[in-house]
Amino acid sequence: MDFSRKNSTFPNRRNLDGRKTFRSFFIRFRKYIFFAFAVLILFLSIQYIWKEKRFRYIVIHHTASDIGNLAYYRRLHMKERGWPDIAYHFLVNNGSYNTAMGQIEQSNLWDNKSINYSTKVSYVNYFGIAVAIVGNFERHSVPALQWESIVNLTTMLSQEYGIPPERIIAHRELWETACPGKNFDIVKLRSEVRKNLESVSQ
Ligand SMILES: [Zn+2]
């Protein structure tokens, strides 16, 4: 006589029907399955809120130097400051290092919606979008094409993330620093963004 499972005359109930097996598994573990599902939904919701709904400020910087692009400042910040990436979410270029005047580069920080490293106020680093403009606006004024880019970018971010123009702030309004330079008119930026937002909503 053959007593091996394969040829046994006693049917193995569990393997008779795949669907039955799944049903009994589901019934047996349904509490845990619902719990795992709820945890997953909660995790995804928190992740979504963190990435898409947390931004409260836009902080404007200058690089205080007339050279460089995103790759250049990324290297500089990682090597000299020891930060894990560039300090900013966006960089508005001035034409140096094979960029175009006013060209906007987006960093990994923005791709991942990570915190930024641009100020000493951690609340603002967590809840702010950091935008830097290549140039030293202590020494010279903002070129027209860069100004146009910064107005467009901040209008777009302000609209997309529901950040009112009064929360577009210059680094110097947070800390004792000249950044983004005395020739950068933050009041004018807020009023141009406000005007753009009003014309969009009409
Ligand atoms: Zn700054």
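Colleague: Which residue is the bridge partner of valine 92 in strand E4?

Modeller: This is a predicted model, in which local features need pLDDT of at least 70 and side-chain atom pairs count only at pLDDT 80 or more, while totals for chains, interfaces and linings use all residues. Residues are numbered from 1 along each chain as its sequence is written. Strands E2 and E4 (residues 128-133) run parallel and are joined by three bridges, where strands are DSSP runs of E with at least two residues, helices are runs of H or I with at least four, and both are numbered from the N terminus. Within E4, the partner that valine 92 bridges to is isoleucine 133.

Colleague: Which residue of E3 stands opposite valine 92?

Modeller: E3 (residues 101-106) pairs with E2 in the antiparallel sense over four bridges, pairing being assigned when DSSP finds at least two bridges between two strands. The two strands form a hairpin with six residues between them, and glycine 95 in the turn has a positive phi of about 105°. In E3, the residue opposite valine 92 is isoleucine 104.

Colleague: Is E2 covered on both faces, or on one side?

Modeller: On one side Phe90, Val92 and Asn94 are buried, and on the other Leu91 and Asn93 are buried too, a residue being buried if 20 or more other C-beta atoms, placed from the backbone, lie within 10 Å of its own. Because five of the five residues of E2 (residues 90-94) are buried, the strand is largely enclosed by the rest of the structure.

Colleague: What is the strand order of the open sheet, and which are its edge strands?

Modeller: The open sheet has five strands with mixed pairing, in the order E3-E2-E4-E1-E5. Pairing on one side only marks the edge strands, which are E3 and E5 (168-170).

Colleague: At what angle does helix H6 run to E3?

Modeller: H6 (residues 144-160) lies across E1 (57-62), E2, E3, E4 and E5. With axes fitted as lines to C-alpha atoms, for helices over the stretch in contact (C-beta atoms, placed from the backbone, within 7 Å), and angles from 0 to 180 degrees between N-to-C directions, the angle of H6 to E3 is about 35°.

Terms used. A residue is buried if 20 or more other C-beta atoms lie within 10 Å of its own, exposed if 12 or fewer, and partly exposed in between; C-beta atoms are placed from the backbone. Two residues are in contact if their C-beta atoms, placed from the backbone, lie within 7 Å.
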